[in-house]
Every structure is written in C-alpha cells, then in structure tokens.
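Colleague: Please take a close look at one part of this model: the packing of a helix pair. Then set that part in the rest of the chain.

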Amino acid sequence: FAHTAVRVSAVSQVPAAMLALATKAADASVSLPELEAKLATDANSVFDGVLDLNVAMADLGGRWGNLMKLRSRILVMHGVPADQAKPPNGDFQAAQQFWPAMMAWPGGPGADAFGPDGDSKSKLQQEVSKRSKRSLLKGELVYTAVPDETGQWFYASVHGATPGLLEQQYWSAEPMGGKKAAEQAAARAALQAEFWQALSVAGAGTKRKALGAPGGGGAGNDPKTRLNKGAQLLLGRPITKGEVLYTTETVESPSGAIYTSVVSIPAHDPSASWQGQPAESAKQAEFNASEVAWAALEQTLAVLEEERKAKRAGKEKEAHAKKKARKEAA
C-alpha cells in the first residue's frame, strides 16, 4: 500500500475529480473488502499504540496518518467526493480533537479498558500486592489474549501464577479491538470481583459495551456479533474462530447470484443448525442465518444471562464478605 500513501498524501494538490479517477484506477486490482479489512487492522494498531506507553509519539503519529489516508481511499471507492473524503490537515495534530471521542467509544478498542479508575492492569497489580503484603514479581499475574470468531476482536484472561494471588481466572466480558485493550478489560473484571471497594465511586456500576459488541454502538453491532456473544454464553467461555460455523451456498439466477447460509455451533449442539432467508450477498445471507439462530436460542440465552448475572453478584458479595473478615481480623 506504499503507492496509496503517496497518492493520497497529495490530495490537497490534486483536483477532486482527478483524485477520484486515480483512486478508482489504482484500486482496480484491490478489492474493497480487502481494504476494509486492512482498515480494521490498522485501526486496532492505532489503539494498541495509544494504550502502549512504550510506543513513540512519532510512530503513533505515522500510524494515524496512514489510517486516515486509507480511510480516505475507501470513502472515495464508496463514492464519497474526494474533497469530503480527504484526511484533515496535520494528520496526527488534527487527531488530538478526536482523542476524547475515541476513548469514550463504549469499551471499544481501549475504551473503558482503563475505565474511570485509570490503568486497570497497574491498579490490579497494586491491589494484589497490598493484599499479599509484598511486591509481585514480573509475570505473577498472567494475561492471555485470544481472538474471537471473526479474528478481528480479542478476549483476554488474567490469573495468578502463584496460588492465592487471585481467587480464580477472570475474562474480559466483551470483545475488544486489540490485545492490550482486552488485557485491561480482564484486569478490570478481576478488580470488580475482588477489589471492588478500591474502585472509585464514579466508576461503580458504569460498564460500557465494547464497540461492535452486542447491545453497543458501532459497525459491529450486527446479527453475527450478537450470535457470537450468545455462543459465548452457551459455551461458558470466549469463542475462537470457527466455533460459530457458517456454510454459504451460491445459486445463479437470471437476476444474479443468490446466497443461502446455514449457521451452527457444533461445540454446543453438533446436531443443530439454522438456515436463513436467501439474500443477494453472502454477508447478508450470514446475517439472516444468525437472526434465525438467535430467535431459536433466545429463551435459553436469556436464562443463561440471568444465571451469569446472579453468579457475578454472588462472587462480589462473597469477595466483600472476605474483605470485611480480613479487615476485622487485622
């Protein structure tokens, strides 16, 4: 994509009509889905860079600039006038005005991973150290990040390598847009369960949904994402790629290709599958199958969700009782 950066960076010197023609010609060999997939990957890279304080500002600025240029290219391919699609002047400097909105995205890549109480991983390290009455060694809190079914979002878990550091393994509740963001979310889950009193009053009970997660905002709030969340409830753990399985067939007709998709969750029920209504695109066919599956599983999922909430409330109550007992015994 090096040629793209050169072409788009000259947007202010090239008339809008010429830019649009040049973009269409250059994009003839690159499909729009490929570019949109790259946009998601590059966006995750920017957010990971924001969360990683070891990343130099110059590096982060370069990532942002490339992301804006790629986004401009995609907008032009969608038919947006080039003068409206061009990146803001100053790229990274102009991005400063967007940081508050970006970090306010509901739990999206990085949002609420820190939460109102700051860096959740550092906070968890501090609280575990206090309770253990010693400094923790590097690696005693073990974080593991795994991609979800789409391969674009991540769940993470945290557990203590030394017995007694944490009462159990904790998972991020929602998929996040980067590994580091998912680790922050896992740390926050551990804080909420075992050190809830250490969290600020302002942060109590204010959990935002992940960008693209079911019930949240963003482009990922679709039937497939909602079904992925349902599969997580059914299996009692984050899902991995391929565990929500789609089989899509194409039939040619006089009016064009027609797609039909069937979805299954073999790890839950190998014998069950759900077929959606035919559609004019494979993506919509998968959405249709997801909606049929969700409708069939909705009552079961509602019960599981209530059980999950009750279990979490019980753990919080138990953790509170233990903390109170420790305080009284001190």
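Modeller: A crossing is left-handed if the near helix is turned anticlockwise from the far one by less than a right angle, and right-handed if clockwise. This is a predicted model: local features need pLDDT of at least 70, side-chain atom pairs need 80 or more, and totals for chains, interfaces and linings use all residues. Numbering starts from 1 along each chain as its sequence is written, and side-chain values use heavy atoms, without hydrogens or water.

Start with the helix pair. Helix H3 covers residues 32-51, and helix H4 covers residues 57-77. (Helices are DSSP runs of H or I with at least four residues; strands are E runs of at least two, numbered from the N terminus.) The axes of H3 and H4 come within 9 Å and cross at roughly 155°. (Axes are lines fitted to C-alpha atoms over the stretch in contact; angles run from 0 to 180 degrees between N-to-C directions.) Because of that angle, H3 is roughly antiparallel to H4 (over 145 degrees). The crossing of H3 past H4 is left-handed.

Now the side chains. On the H3 side, the contact includes Leu32, Leu35, Leu39, Val46 and Val50. H4 brings, among others, Leu60, Trp64, Leu67, Leu70, Ile74 and Met77. (Contact means heavy atoms within 4.5 Å.) Charged residues take part too: among them are Glu36, Lys38 and Asp42 in H3, with Arg63, Arg71 and Arg73 in H4. By class, the contact of H3 with H4 has twelve nonpolar, two polar and six charged residues. (Nonpolar: Ala, Val, Leu, Ile, Met, Phe, Trp, Tyr, Cys, Pro; charged: Asp, Glu, Lys, Arg; polar: the others, Gly among them.)

Step back to the chain. It holds eleven helices and six strands. Of its 330 residues, 41% count as buried (under 20% relative accessible area, 1.4 Å probe, protein chains only). Take contacts between residues at least 6 apart in sequence: 56% of them join residues at least 24 apart.

Then the sheets. One is open, with three strands in the order S1-S2-S3 and antiparallel pairing. (Two strands pair if DSSP finds at least two bridges between them.) Its edges are S1 (141-147) and S3 (170-171), each pairing on one side only. S2 (residues 154-160) meets S3 over two antiparallel bridges. Val158 has Tyr170 in S3 as its bridge partner. Helix H9 (residues 179-194) lies across S1, S2 and S3, at about 50° to S2.

Another open sheet of three strands runs S4-S5-S6, again with antiparallel pairing. S4 and S6 (274-275) each have a single partner strand, so one side of each lacks a neighbour in the sheet. H11 packs on this sheet and touches S4, S5 and S6; its direction makes about 35° with that of S5. S4 (residues 245-253) and S5 (residues 256-264) pair over nine antiparallel bridges. A hairpin of two residues joins S4 to S5. Thr247 stands opposite Val262 in S5, and Val251 bridges to Ile258 in S5.

Finish on H11, residues 282-329, which contains Thr300. The C-alpha atoms of Thr300 and Gly230 are separated by 9.5 Å, though the two residues are 70 apart along the chain.

Key: Parallel < 35°, antiparallel > 145°, perpendicular 65-115°, else oblique. Buried < 20%, exposed > 50% of the residue type's maximum accessible area, 1.4 Å probe, protein only.
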